[in-house]
Amino acid sequence: MKKRSLIQPRIVPVDLGKIPDAKRISLQNNIPVLLIQAGTEDISRIEFTLSAGSVMENLPLLASTANMMLAEGTKNYTAVKLNKTLDFYGSFYNLFAERDRAGIVIYCLNKHLEKILGLASEILFHPVFPPDELKTLMKKRLSWYLINREKVNSLAMDQFFESIFGSSHPYGRKVIADDFNKIDNAALKDFHSGFYRPETLAIIVAGNIHENTVDLLDHYFGKVVSETIRPTVPGRIPERQKNRKVHIDKPGAVQTAIAIGSSTINKRHPDYPGLKVLNVVLGGYFGSRLMKNIREARGYTYGINSSVHSLDLSGYQIISAEVSKKNTQNAVEEIFKEISLLQRVPPENEELAVIKNYMLGEMVRMFDGPFAIAESFRSAWEFGLDNTYYYRLAEKIKSIESDEITSLAKTYYDIDELYEITAG
Amino acid sequence: MIKFNRICLSNGLRVLVHEDRSTPLVAMNILYDVGSRDEDPDNTGMAHLFEHLMFGGTASIPEFDRHLQIAGGENNAFTNPDITDYYITLPANNIETGFWLESDRMHSIDFSQKNLDIQKNVVIEEFNQRYLNQPYGDAMLLLRPLSYKVHPYRWPTIGMEIDHIRNTPLHKIKEFFYSHYAPDNAILTLTGNITTDYAFRLAEKWFGSIEKRFVTPRNLPAEPLQTEERILTAERDVPASALYKAWHIGPRLNSNFYTLDLITDLLAGGESGRLYTKLVREKKLFTEINAYITSDIDPGLVIFHGKTMKGIDIYKANDEVNNIILTLKEKQVPVPEMEKVKNKYESANIYSNTNILNKALNLAYYELLGNPDMINTEVDLYRNTDKAMVLEAAGKYFTDINCSTLFYKSIRDSSK
């Protein structure tokens, strides 16, 4: 038998290096365009992002329905013809409507770029919201909603957002079955003309950028002008609810979904990078405190995860897991124990060293390839930030010390301020 | 075009390398030629449970994940009926850590009763979370044994029942390792920012000394030809009824595979697929609808599933699905529609190859199928498919006696 070499290879500190930057230009009508040259294939990922998220809506489901109806019929195309054409050119698209922003991401082969941009302009600026398609969509959405009511995870998440952001704010408002009957063609047209407009649009192109890419964008999007006045949206502030502990009963459920967390700071706050590191220690990777305790030591769950998210008007941090019903209480207790431990005992340097390298490796992955770069770029850009945010994050990952973790845990994971939501 | 080089070490480990200098990372993929089809019928779920145990450490490296994380790496794994696959991405200058870790756990792992007991609980919770505590979650658990009566594809990868997982003894775990985890039963691929020479040298250095294990040859019972239509009805407390259908097809390497894959795209590829256009948009029978090919190595299935709109008669919905299928058998597909699905396949393939992990897995998988060049040539086989081949394949496979149908009925939608 040959002898196995067992000497561990030397590990080189992970270096983020230079983050690819975007070239910024403006179209004739001032629509900002960010161009990211990356990758080996002759393709593009084109993201059209607008301030047209649910925070702008005065009727539940309006923002998401307006978005989902964009490709359901336009001035020059029926829904069927539009989708057949997009498919024929081998493109893929995702419509998205989030809390703050909405839009469309299209993946296409550059040889069809011109055709695809023409279709994108139809989708974004000339939808007609046909009543028949709307009726079908609302029936579908109601059905998905009813299926989601059967999932303990959905029940817990909806309650979590209502608890931390309030029932009257679009960030927290729960949807009810009757909401699906209230959207009509007029409301959609109104929302569209108010919020799908050049002043709120940005275009992010990533992939192999051709010489004529900008000219094509200018041709299809540089001449669009708004015909209406931009509506003012009342500045509503999310307000958390009083009750910190809510259980939603789901008879017959085999597992209970747990959601523990609170609203928090967002990317614009100087503590945010430190909070990101703290979150990874707690539950942000496979070797996290919560995974080691709740999954690997006790086998209560398939997975437990803690994450921090930025929103324009707020942010939130959430610990979530689905656990066997009989272990629910034990799991909740262990989660609070882990938080409390982080507030009292600074992590050992060895643990912190693992996390630092892991997080720097994650950052390298966040900038690997045109699609990943575009997503990372977008998620800083929408908060008015650029790559300096990522350099600051990388710097914080390298420099943070154990005491700062403890102090951040005390500030941002105050146990009296955390909401404990269970469904099952 | 994905260029690659291949060697086979003296212990039988096959190594393939594709250089991509546009990334700072290297992806490392190890595919073991073992899946749930290799399980004992009384002990299903073993391959997947074993995948969990592979992260439990070894005598020489007790904590697998921690070392990878220190090196800035990330990893995961999956098990399916045919294969168990482990993948890692690392910053290029730390790739040797991946070799160190993967070769160590191929060499031997630490089998402790305690770790086994915990991972059994984790997998049972996975079973609960994904199959039992989800609306419609058990549908595939019902459809598989309806379609397969003999072949091990009759049980799902998670296991036939929770008791199989709960009752797995430690000695069976050990046997499973030594009979399936071996250099001569694995394929190692590296893609990304690494030179071929360096990758081959590291492969020899770390894996070269692991001895061949003479894996038991696979000898699975063939599924007998289905001779009559199969129907199963299940009643569940879900908001809407759902319909599931499965037709037997040939193995992955059958020349019909590409035609059948394109047929599922004609039916359900994107928003413009026939099923969506006719049965969701026009007739409003379903709220969601899908059709796909299972891509199993042994004879697989084309699977259809759809959830009905509230108040729709599930038997009427089934008739309408059958009508769409009938059209495929009777009328030639118009040329532009054929072009559309081929274009879409080709572009999906290009998008997928922007990712080094996808390339690493695909290379390993084609090597397993016996020809890694397929990563570049398969697209031509899709391109060469024509409307006559569609007509022929549809006529051959989409027959009633080759079909299993599951009526998953909502007890709430009482009108039907």
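**How do we know?**

Q: What makes up chain A, in terms of domains?
A: Keep in mind that this is a predicted model. Chain A is split into domain 1 (23-151 + 162-221) and domain 2 (245-423). Their centres, taken over C-alpha atoms, lie 30 Å apart.

Q: How many residues does each domain of chain A bring to the contact between them?
A: Domain 1 of chain A gives 18 residues and domain 2 of chain A gives 18 residues. Being in contact here means that C-beta atoms lie within 7 Å. On the domain 1 side, the elements that give two or more residues are strand E2 (32-37), strand E3 (43-50), helix H5 (152-165) and strand E6 (201-207) of chain A. That side divides into nine nonpolar, four polar and five charged residues.

Q: Which domains does chain B have, and how many of their residues touch?
A: Chain B has domain 1 (5-207) and domain 2 (230-410), with 28 Å between their centres over C-alpha atoms. Here 33 residues of domain 1 are in contact with 26 residues of domain 2. The domain 1 side of chain B has 17 nonpolar, nine polar and seven charged residues.

Q: What secondary structure does chain A have, and why is chain A called as compact as a globular protein of its length?
A: Chain A has 14 helices and 11 strands. The globule rule gives 22 Å for 424 residues, and the radius of gyration of chain A is 24 Å, which is close to that, so chain A counts as compact as a globular protein of that length. Along its principal axes, the C-alpha trace of chain A spans about 60 × 55 × 50 Å.

Q: What makes a residue of chain A count as buried, and what percentage do?
A: A residue passes if 20 or more other C-beta atoms lie within 10 Å of its own. In chain A, 49% of the 424 residues count as buried.

Note on methods. Residues are numbered from 1 along each chain as its sequence is written. Chains are lettered from A and ligands numbered from 1 in the order in which they are written. This is a predicted model: local features need pLDDT of at least 70, side-chain atom pairs count only at pLDDT 80 or more; totals for chains, interfaces and linings use all residues. Domain bounds come from an automatic or database domain assignment. Two residues are in contact if their C-beta atoms, placed from the backbone, lie within 7 Å. Ala, Val, Leu, Ile, Met, Phe, Trp, Tyr, Cys and Pro count as nonpolar, Asp, Glu, Lys and Arg as charged, and the others, Gly among them, as polar. Helices (H or I, at least four residues) and strands (E, at least two) are DSSP runs, numbered from the N terminus. The radius of gyration is taken over C-alpha atoms; the globule rule is 2.2 Å times the number of residues to the power 0.38. A residue is buried if 20 or more other C-beta atoms lie within 10 Å of its own, exposed if 12 or fewer, and partly exposed in between; C-beta atoms are placed from the backbone.
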